[in-house]
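Please read the points below alongside the coordinates. They are arranged as a colleague's note, from the chain level down to a single residue.

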Amino acid sequence: MCPGSDYLKLYEYMAKETFARYGIPVPAGSVVESAEEAEQVAGSLGGPVALKSQVLSGGRGKAGGIQFAPDPAAARKAAAELLGSTIQGLVVDRLLVEEQLFIEHELYLGLIIDPSTRGPLIIASRKGGVDIEEVPGRDIVRERVDVRWGLFPYQVRSITSRMGISGRMARQFGGIAMSLYRLFRGEDAVLTEINPLAATTNGLVAADGRLTMDDDSAYRHPEVPDTHQRTEIEEKIAGLGLSYVPLDGRVAIMANGAGATMATMDILEHFGSRAMNFLDVGGGASGEKMTEALKTLAGTDPDVILINVFGGITRCDEVAESTREVYQSGALRGIPLVVRLVGTNEEEGREILREAGISAHHELLGAAREAAALGGGTATGGDGDGDTSQ
Amino acid sequence: MAILVNEKTKAMIQGITGRQGAFHATRMAGYGTRLVAGTSPGRAGAEVDGIPVYDTVEDCVTKHGANVSALMVPAPFVHDAAFEAIAAGIEILVIITEHVPVHDAMDIMAYAEDRDTRVIGPNTFGVIAPGQCKVGIMPERVYRRGPVGLVSRSGTLSYEIAAALGESEIGISTAVGIGGDMVVGEGFVDLLRAFEHDAETECVVLVGEIGGTAEEEAAEFIKTMTKPVVAYIAGKSAPPGRRMGHAGAIVERGRGTYEAKRAALDEGGARVADFPWDVPDLVASCLKD
């Protein structure tokens with residue numbers, strides 16, 4: 001699992017398995033990979049079922065990824081339609097087949113990490129079933145939890161009171177909130193959401209759920225599968241432990257530091273070009289990793305490769321060695337290389353490049369302008385003020 | 001003076017015999033930092049470049065008066081090491097380590113708050129008061145001493161801006177990295193407040209990036225400041241929904257956008273630079289005013 005990539009989002013069925021482990025009621029059901037299995041599961045559930053496509057994207061319902069079936073034969077037919085279809089470019093290869101719920105009312109319950117208070121925040125609403133972003137502020141209840149003490153029952157009573165729910169529903173909601181907080185802490189979640197938390201004749205049930213884990217805690221949860229969906233190139237660079245995001249431009253970038261890499265992208269765009277990727281080799285990545293990363297970038301067939309390094313922990317001589325090696329290996333196949341190299345061991349780095357016949361810029365402005373021009377840009381700046389103060 | 005650290009600071013390193021710890025011990029001491037001790041459990045009695053090594057932070061505090069600790073142990077051990085430092089009475093804890101589990105970070109911040117310990121990081125380059133004290137991993141030669149406070153989420157980008165200021169003969173009072181993680185200790189507002197009260201600082205440069213609301217909160221605070229603030233925000237061209245290296249650097253559901261941050265900072269009275277290389281001119285004009 002790669003720490004530098006996006007957070008680890010679990011599939012609905014995995015989230016629900018985890019909910020169940022913490023005592024949160026979920027609908028009866030199983031995950032299936034074929035229409036035959038769907039029919040069997042529907043048969044054993046013995047009633048109308050919901051078939052839910054397991055993809056990691058929002059808007060699944062609107063895209064037709066959820067179907068209902070009154071009996072096993074209909075479930076088989078619906079499953080055959082859903083399996084192999086695509087939702088927002090993602091192929092559906094698994095379905096969650098569940099008892100169909102008859103929902104009287106939909107609530108919302110979520111837990112996030114709030115950076116401004118440096119702690120967990122409960123978000124609840126009596127108006128669930130839609131994106132919480134679309135719920136008016138007056139219908140949303142927030143409650144901070146202190147990690148030192150955890151969630152108290154009095155806080156839960158305050159939440160349900162502010163939500164305007166009472167009686168059995170409030171008591172059950174409170175129990176679920178306590179369980180969800182234990183799950184959030186115990187599983188190292190960065191986000192978990194029950195939406196809708198459905199009120200049925202049998203009480204509250206987590207009808208749908210999201211669970212997003214902290215990649216940096218993955219070592220504590222070896223049982224959690226790696227659900228990252230990566231292209232071959234992403235897989236390769238993630239394997240090097242580097243942070244990589246593919247983008248839609250023509251200039252491949254290798255830079256050090258997340259902020260500096262973003263700034264490099266921004267400057268390219270200013271010069272009318274666009275980055276083909278975000279690749280951060282900061283944090284003292286070894287020369288071998290940089291060499292591999294550069295070769296991989298060359299394989300994406302960019303118009304030009306821009307290396308922008310301001311060395312701190314990252315050493316310019318190591319960057320230069322990697323650059324020379326890739327340059328001399330023929331892996332670039334004529335793809336032009338623009339290098340900007342300053343910082344730790346800069347002179348040694350420049351010397352290495354000079355010997356290989358590669359010239360390096362000192363200023364980011366000049367390097368970005370040259371790379372942008374080779375990558376379809378205007379070289380004068382999108383709004384004509386690109387060369388201020390240099 | 002400067003904020004957080006100065007020539008009187010007695011620094012220590014947790015994890016001083018590790019690859020990073022040993023390398024940076026030499027560089028910090030070479031810069032003139034009073035690096036009094038370090039820890040490496042089981043290695044008490046050893047030395048790194050003449051700096052004594054102990055098993056516990058408590059020893060470094062009682063025997064040498066260490067008051068600032070740079071934490072450079074691997075991520076799985078940060079939780080324990082940070083609690084040890086806070087319990088031992090370290091005043092400022094600088095967590096250099098990246099990839100610290102975010103739930104560990106929340107625990108650390110809560111305990112630090114109880115004990116009035118100020119935490120910088122995790123995932124930070126540290127803090128440097130040029131010419132006085134360096135507690136971190138930044139390339140020290142890009143910093144010259146002067147009247148500008150520098151606070152940044154990003155390491156390399158802040159080196160870039162410190163170097164550009166230096167080339168314009170503008171120096172820095174203190175440069176601090178708040179860290180690239182979702183949960184960090186001292187935030188922009190805490191450090192802007194410290195710079196506002198620091199006699200050596202005349203102007204502050206804030207280097208932010210997309211994602212989260214830290215820049216917007218800073219913008220609110222800037223309205224109350226008497227000292228001018230110059231800001232630069234990275235990530236204008238980043239597509240929504242993709243996390244750009246740092247935990248917080250993601251535009252989701254229209255929040256944390258470049259445009260929102262820029263508008264908030266403009267409204268707060270900061271001067272916002274379009275490019276890193278525009279920062280020195282804006283700072284120079286602030287210093288003249």
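1. Conventions. This is a predicted model, in which local features need pLDDT of at least 70 and side-chain atom pairs count only at pLDDT 80 or more, while totals for chains, interfaces and linings use all residues. Residues are numbered from 1 along each chain as its sequence is written, and chains are lettered from A and ligands numbered from 1 in the order in which they are written.

2. Domains of chain A. An automatic or database domain assignment divides chain A into domain 1 (28–99), domain 2 (103–220) and domain 3 (232–374). Taken over C-alpha atoms, the centres of domain 1 and domain 3 of chain A are separated by 45 Å.

3. The contact between chains. Chain A contributes 48 residues and chain B 51 residues, where two residues are in contact if their C-beta atoms, placed from the backbone, lie within 7 Å. On the side of chain A that touches chain B, at least two residues each come from strand S14 (243–246), helix H7 (258–270), strand S16 (277–280) and strand S17 (304–311), and H7(A) gives the most, with ten residues. Helices (H or I, at least four residues) and strands (E, at least two) are DSSP runs, numbered from the N terminus.

4. Helix H2 of chain B. Within this helix (residues 57–64), the buried residues are Val57(B), Cys60(B) and Val61(B); a residue is buried if 20 or more other C-beta atoms lie within 10 Å of its own, exposed if 12 or fewer, and partly exposed in between, with C-beta atoms placed from the backbone. Seen down the axis of H2(B), these buried residues fall within an arc of 95°, so they line one face of the helix, the arc being that of the directions from the helix axis to the C-beta atoms. Their cover includes strand S1 (10–14), strand S5 (68–71) and helix H3 (78–87) of chain B. Just after H2(B), Gly65(B) takes a positive phi of about 70°.

5. A loop residue. Val145(A) lies in the loop between strand S10 (140–144) and helix H4 (153–163) of chain A, and it counts as buried because it has 22 C-beta neighbours inside 10 Å. Leaving aside residues up to four places away in sequence, Val145(A) touches Gly119(A), Pro120(A), Ile122(A), Gly150(A), Leu151(A) and Tyr181(A). Val145(A) and Arg230(A) are 85 residues apart in sequence and 35 Å apart in space, C-alpha to C-alpha.
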